[in-house]
Amino acid sequence: RVPQMVRTVSFVRAFKTAGGHPKTKAVLTKADGARSKLKETLESPTLSGERVFIDATRYLPLIHQILLTCKVQPEVARLDERLIFEWTSGVENEPEKFQSEALMYDMVMCCACQALGKAMVATEASIAGEFAAASREYSAAAGIFQFLAKNHLPKWIAKGNNVIAEKLPTEATVNATEAIVELMLANAQQMAVATVLIKPGVPNYSLLAKLCLGIEERLEKFTNMMRKFAFSHKERMDKDFFTLVTFQITLQKSLSTYFYARSMWDKRDYGIAIALLSEASQALNTRAHGAATGMPDISKTSPLKPLQKDLTDIKAHMKLLLQHWEHDNSTVFFEKVPQKVPEDQKLSTPLQLSKATPFKVDGDIDPLPLSLPEGALQRSDSDLARQLQEQLNSGLE
């Protein structure tokens with residue numbers, strides 16, 4: 001899912017008087033066309049992540065140039081009609097419309113389209129088995145969300161003192177985007193693990209164990225950040241999605257322990273390996289209640305039911321391997337198997353391999369020439385007050 005534009009605007013009509021210069025008019029016309037094309041792409045019944053990213057990328061420098069133009073020429077940047085930008089979230093379950101006259105808001109949502117477009121491309125690549133490409137795309141999505149969280153959003157929210165963050169779309173808030181960065185990087189690292197597993201030969205089990213533990217750590221961080229710092233937005237997202245995240249956290253913890261058990265077995269530490277594998281297998285059992293450890297019950301959650309078969313297969317594999325190891329140990333190695341894995345024998349060092357791909361908006365642009373008829377700069381106090389409010393809304397300095 002991606003954000004949706006609710007309202008169509010026209011920069012050409014809005015800047016009809018001030019934007020009469022041929023260069024300005026050409027850019028405004030191009031911006032109207034690019035925004036309309038992005039709206040059409042977002043509403044397409046055959047949604048394409050790549051198309052969303054391309055069209056958002058085409059519109060971004062244009063809205064940025066218009067924003068810069070108003071920033072450096074606030075006295076001349078008068079509108080013939082109001083620009084009201086209205087969007088709905090692409091990550092909320094039942095998104096509500098949010099509107100603002102801030103050019104920065106439209107720019108933020110355009111960046112969010114880029115990020116979620118990249119996330120869609122990553123998902124499509126992972127389904128096709130192109131895990132290395134999927135990892136790169138998730139890292140790119142993380143970079144865009146990181147840019148929003150660290151750069152654009154703090155500037156706008158700090159200046160737009162009439163903006164209530166809780167009412168903004170989730171992907172247009174600082175705390176939620178910071179959390180989503182962790183989610184995207186966790187996804188990127190899952191793709192990196194898949195890349196290692198499909199290579200021929202015996203994988204490096206110790207490395208895989210650390211990578212899976214790193215994935216679990218990022219997913220935990222995402223959930224905690226949403227719960228502590230973006231709870232109102234968390235409540236607007238699909239509850240089944242957070243059940244899936246809980247499922248992934250438990251799975252990655254179990255896989256980390258499983259891979260670590262394999263590495264211990266290869267090192268001939270048979271007793272510890274058996275204890276670790278037993279612990280990994282038990283972690284996949286369905287939890288008795290919400291506060292207990294183990295897997296969430298996905299058998300009653302229709303969107304997650306397809307995962308049941310894969311989970312059953314993993315549990316069957318671990319059970320079979322454990323039986324083989326216990327047989328070998330009881331007939332060949334005769335090592336003592338601890339009832340519980342000692343703390344100093346557990347893996348405690350996660351590895352964070354994935355990093356957000358740096359993203360920035362091109363700063364090498366020039367403001368557009370604006371002009372007003374003679375005498376138009378003589379303004380009333382009410383005009384000046386309205387202009388000041390518009391500047392605050394737009395996040396201009």
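The model has an open sheet of three strands, ordered β1-β2-β3 and paired antiparallel. Here β1 (4-5) and β3 (98-100) are the edge strands, each with a single partner strand, so one side of each has no neighbour in the sheet. This is a predicted model, where local features need pLDDT of at least 70, side-chain atom pairs count only at pLDDT 80 or more, and totals for chains, interfaces and linings use all residues. Residues are numbered from 1 along each chain as its sequence is written, and side-chain values use heavy atoms, with hydrogens and water left out.

On terms: strands (E, at least two residues) and helices (H or I, at least four) are DSSP runs numbered from the N terminus, and two strands pair if DSSP finds at least two bridges between them.

Strand β2, residues 85-88, is joined to β3 by three bridges. Within that antiparallel pair, Phe85 is opposite Ser100 of β3.

Now the pocket. A pocket is an open set of points on a 1 Å grid over the protein atoms alone, where a 1.4 Å probe fits, with protein on both sides within 12 Å along at least five of seven lines; lining residues have an atom within 4 Å of a point.

Of the 41 lining residues, the closest to the centre are Thr123, Tyr138, Asn187, Leu244 and Gln248. Helix α9 gives the largest share of the lining, 10 residues.
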